[in-house]
Amino acid sequence: MKTIYFDNAATTAIRESVVDKMSEIMKNNFGNPSSTHSYGRQSKALVESSRKRIASHFNVSAAEIIFTSGGTEADNLVLRSAVKDLGVTEIISTKIEHHAVLHTLDELKTEFGISVQYLNVNSNGDIDVEQLTELLASPKKQLVSLMHINNEIGNKLDLKGIATLCKANDALFHSDTVQSVGHYKLDLQEIPIDYLAASAHKFHGPKGVGFAFIRKNSGLRASIFGGEQERGLRAGTESIHNIVGMDEALDLAYQNLDDERKHIEGLKTYFIDQLKNTFSDVSFNGQSESIEQSTYTLVNVCLPIAPEKAGMLHFQLDLKGIACSKGSACQSGSSQNSHVLTEILDEEHLQRPSVRFSFSKYNTKEEVDYVIDVLKEFV
């Protein structure tokens, strides 16, 4: 059976050269980076070399990169410490953030009694910037948490504009950039953001490793306690092979960014055109139809399929070997609708099946044609 992987927003295949690099490290560099003997020093050198190289991609100092187990831990570290240690009493966010942020905010409301203000989001999935400006006039100690690229509908936030607005109002700014790191260049000297989160498996790196950017002299403290690793902000023996693998994957992503973006953008444009030719009443969720206002890596499409066929759509796609998603991978197994689509779609469009197709360098136009042919069976 033909198999096609169009779920790259959930996770990506690891580049072969990254696997080779990680294998080499696991074989030859097993020393604990905290040990003072030669084995430990060699491992420590690898970790710090990766930290410097990752930092260089964002024009920041190595001390501002803190290795974590992934984006979720990075989000938790920042949000929890901002409340617990920095005295933040109000967080401004939206109801279409990733659950790594939303569920953390729920816990912080319960545990610390903080106020959470959710910005209005229009039917295209864009935030109300005027409302944000009004909320930032509050005398409370505030943090704004808004993702750079929405993982379900692909909307792009004006990261620099929002960061500048927050700075002008003495508010801290955190962004989950899991869907953008490795796909967009971010100069954090030009973007006055305080914190961001990233995860290696979104840019053809290994799972189980990511990092937080934490602006120097932030005052944040650890949420995992033990040793003094990661400048005392994240206890636990560093996963050397994962860190080096992430470094290698990120370096390759940025080395090949222009060519790979052109290829993936071409696939997205071609897919959208083919969908329009196939379905007369097709619509696209959020800004995902737009190359300028959404990421080039995904399309979230609402298909005009009869209710009696719609219920079996995802099952049939899977049977045909097509991997895609109806929302975030973190919601798999849930019978609930996407919280993002529930927030932005009207009742009529919520009754139709929506599918997120997300692409990588490994996908082809032939695969798009196959998916279109399968979807035609539901017309």
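**Reading helices, sheets and salt bridges in a predicted model**

Modeller: The axes of H1 and H7 come within 9 Å of each other and cross at roughly 155°; axes here are lines fitted to C-alpha atoms, for helices over the stretch in contact, with angles running from 0 to 180 degrees between N-to-C directions. This is a predicted model, in which local features need pLDDT of at least 70 and side-chain atom pairs count only at pLDDT 80 or more, while totals for chains, interfaces and linings use all residues. Residues are numbered from 1 along each chain as its sequence is written, and side-chain values use heavy atoms, with hydrogens and water left out.

Colleague: How are H1 and H7 oriented to each other, roughly parallel or roughly antiparallel?

Modeller: Two packed helices are described by the angle between their axes and the distance between the axes. H1 and H7 are therefore roughly antiparallel to each other, since angles under 35 degrees count as roughly parallel, over 145 as roughly antiparallel, 65 to 115 as roughly perpendicular and the rest as oblique. Among the residues of H1 that meet H7 are Val18, Met22 and Ile25, and their counterparts in H7 include Val244, Ala249 and Leu252, where contact means heavy atoms within 4.5 Å. Helices (H or I, at least four residues) and strands (E, at least two) are DSSP runs, numbered from the N terminus.

Colleague: In what order do the seven strands of the open sheet stand?

Modeller: Strands of a sheet pair through backbone hydrogen bonds, either parallel or antiparallel; two strands are counted as paired if DSSP finds at least two bridges between them. Here the order is E2-E8-E7-E6-E5-E3-E4, with mixed pairing. Strand E2 (65-68) and strand E4 (115-118) stand at the edges with a single partner strand each, so one side of each has no neighbour in the sheet. Within the sheet, E7 (residues 195-199) and E8 pair in the antiparallel sense over five bridges, and Leu196 stands opposite Phe213 in E8. Helix H2 (residues 38-57) packs on this sheet, touching E2 and E8, and its direction makes about 120° with that of E2.

Colleague: Which residues of E10 lie on each of its faces?

Modeller: Leu298, Asn300 and Cys302 are on one side and Val299 and Val301 on the other, all of them buried, which is to say under 20% relative accessible area, whereas exposed is over 50% and partly exposed lies in between (1.4 Å probe, protein chains only). E10 is joined to strand E9 (residues 283-284) by two bridges in an antiparallel arrangement, and E10 also pairs with E12 in the antiparallel sense over five bridges. Cys302 is the bridge partner of Ser283, and in E12 the bridge partner of Cys302 is Ser354.

Colleague: How many salt bridges are there, and which residue does Arg356 pair with?

Modeller: A salt bridge is a side-chain nitrogen of Lys or Arg within 4 Å of a carboxyl oxygen of Asp or Glu, and by this rule the count comes to 20. Arg356 pairs with Asp7, with the closest N and O atoms 3.2 Å apart; Arg356 is in strand E12 (residues 354-358) and Asp7 in the loop between strand E1 (4-5) and helix H1 (16-28), 349 residues apart. Both Arg356 and Asp7 are buried.

Colleague: Where do Glu73 and Arg234 lie?

Modeller: Their closest N and O atoms are 2.6 Å apart in a salt bridge. Glu73 lies in helix H3 (residues 71-84) and Arg234 in the loop between strand E8 (210-214) and helix H7 (240-255), so the pair ties together parts that are 161 residues apart in sequence. Glu73 counts as buried at 13% relative accessibility, and Arg234 is buried at 18%.
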